[in-house]
Amino acid sequence: MRTLAGKNAIVTGSSRGIGAAIAKKPAAEGAFVLINYGRSANSAQQVVEETQPRDKKAALVQADMATIVGVDALFEEANRLFSGQLDVALSFAMT
C-alpha cells in the first residue's frame, strides 16, 4: 500500500548512508522526494536514480543546512516544486 501517494517530502542530508536510506522510504511509499545534499552531488544523483526507476518522483537541491541561506534555498526550491504543499520533512546530518 502506498501510504504517501501524492504527498511531498524533503529529506535533508540524504545523499549517502543512513540519510539516503531514509530518503528512499517515502519514495517507496509514493511521495515526491526532494533530496538535499551539501557536498556529494554524485551520491545524491545516484539516490534520485535509484528512486525514479520505481516510478517515483525525486529532485535534487544543494543547500548547506548549517546556514540560514542554505535553509532558505532548500525551502524556496521545495515551495517551487511542491506548489506550497509540503507534507513530510525529515532531517539527517552527519558532522
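Student: What separates glutamate 77 and arginine 80 in helix α3 by about one helical turn?

Tutor: Their spacing does: they are three residues apart in α3, which runs over residues 68–82, and therefore about one helical turn lies between them. Keep in mind as we talk that this is a predicted model.

Student: Why is the contact between glutamate 77 and arginine 80 called a salt bridge?

Tutor: Their closest N and O atoms are 2.7 Å apart. The cut-off is a Lys or Arg side-chain nitrogen within 4 Å of a carboxyl oxygen of Asp or Glu, so a pair that meets it counts as a salt bridge.

Student: What makes arginine 80 exposed?

Tutor: Its relative accessibility is 55%. Exposed means over 50%, so arginine 80 qualifies.

Student: How do you know that the length of α3 agrees with what a helix should span?

Tutor: At 1.5 Å a residue, its 15 residues should span 21 Å, and the end C-alpha atoms are 21 Å apart, so the two agree.

Student: Which residues of α3 are buried, and what makes them line one face?

Tutor: The buried ones are Gly70, Leu74, Ala78 and Phe82. Seen down the helix axis, they fall within an arc of 80 degrees, so they line one face of α3. They pack against β1, β2 and β3. On the other side of α3, Ile68, Val69, Glu76 and Arg80 are exposed. Just after the helix, serine 83 takes a positive phi of about 50 degrees.

Student: Which residues of α1 are buried, and why are they placed on the same side?

Tutor: They are Gly19, Ala20, Ala23, Pro26 and Ala27. These cover an arc of only 125 degrees around the axis, which puts them on the same side of α1. What covers them includes β1, β2, α2 and β4. On the other side of α1, Gly17, Ile18 and Lys25 are exposed. Just after α1 comes glycine 30, with a positive phi of about 105 degrees.

Student: What ties α1 to α2?

Tutor: Lysine 24 and glutamate 50 form a salt bridge, with their closest N and O atoms 2.4 Å apart. Lysine 24 lies in α1 and glutamate 50 in α2, so the pair ties together parts that are 26 residues apart in sequence.

Student: Why are glutamate 50 and lysine 24 called partly exposed?

Tutor: Glutamate 50 has a relative accessible area of 32%, and lysine 24 is at 25%. Under 20% would be buried and over 50% exposed, so values in between are called partly exposed.

Student: How many salt bridges does the structure hold?

Tutor: There are three. One of them joins the side chains of lysine 25 and glutamate 29, at 3.2 Å from N to O.

Student: Is glutamate 29 buried or exposed?

Tutor: Glutamate 29 counts as buried, because its relative accessibility is 15% and the cut-off for buried is under 20%.

Student: What makes strand β2 mostly covered?

Tutor: Six of its six residues, 32–37, are buried. Phe32, Leu34 and Asn36 point one way from the strand, while Val33, Ile35 and Tyr37 point the other way.

Student: Which strands pair with β2?

Tutor: β1 pairs with β2 in the parallel sense over four bridges, and valine 11 stands opposite isoleucine 35. The chain goes from β1 through α1 to β2 in a right-handed β-α-β crossover. β3 also pairs with β2 in the parallel sense, over five bridges, and here valine 33 stands opposite alanine 58.

Student: Why is alanine 44 called buried?

Tutor: Its relative accessible area is 0%, so alanine 44 is buried. Alanine 44 lies in α2 and touches Ser15, Ile35, Tyr37 and Leu60, leaving aside residues up to four places away in sequence. Alanine 44 and leucine 60 are 16 residues apart in sequence and 7.1 Å apart in space, C-alpha to C-alpha.

Student: And what makes serine 40 count as buried?

Tutor: Serine 40 is at 15% relative accessibility, so it counts as buried. This residue sits in the loop between β2 and α2.

Key:
Residues are numbered from 1 along each chain as its sequence is written. This is a predicted model: local features need pLDDT of at least 70, side-chain atom pairs count only at pLDDT 80 or more; totals for chains, interfaces and linings use all residues. Side-chain values use heavy atoms; hydrogens and water are left out. Buried means under 20% relative accessible area, exposed over 50%, partly exposed in between (1.4 Å probe, protein chains only). Helices (H or I, at least four residues) and strands (E, at least two) are DSSP runs, numbered from the N terminus. Two strands pair if DSSP finds at least two bridges between them. A crossover is right-handed if, with the strands pointing away from the viewer, the path from the first strand over the helix to the second runs clockwise. Contact means heavy atoms within 4.5 Å. The arc is that of the directions from the helix axis to the C-beta atoms. The expected span of a helix is 1.5 Å times one less than its number of residues.
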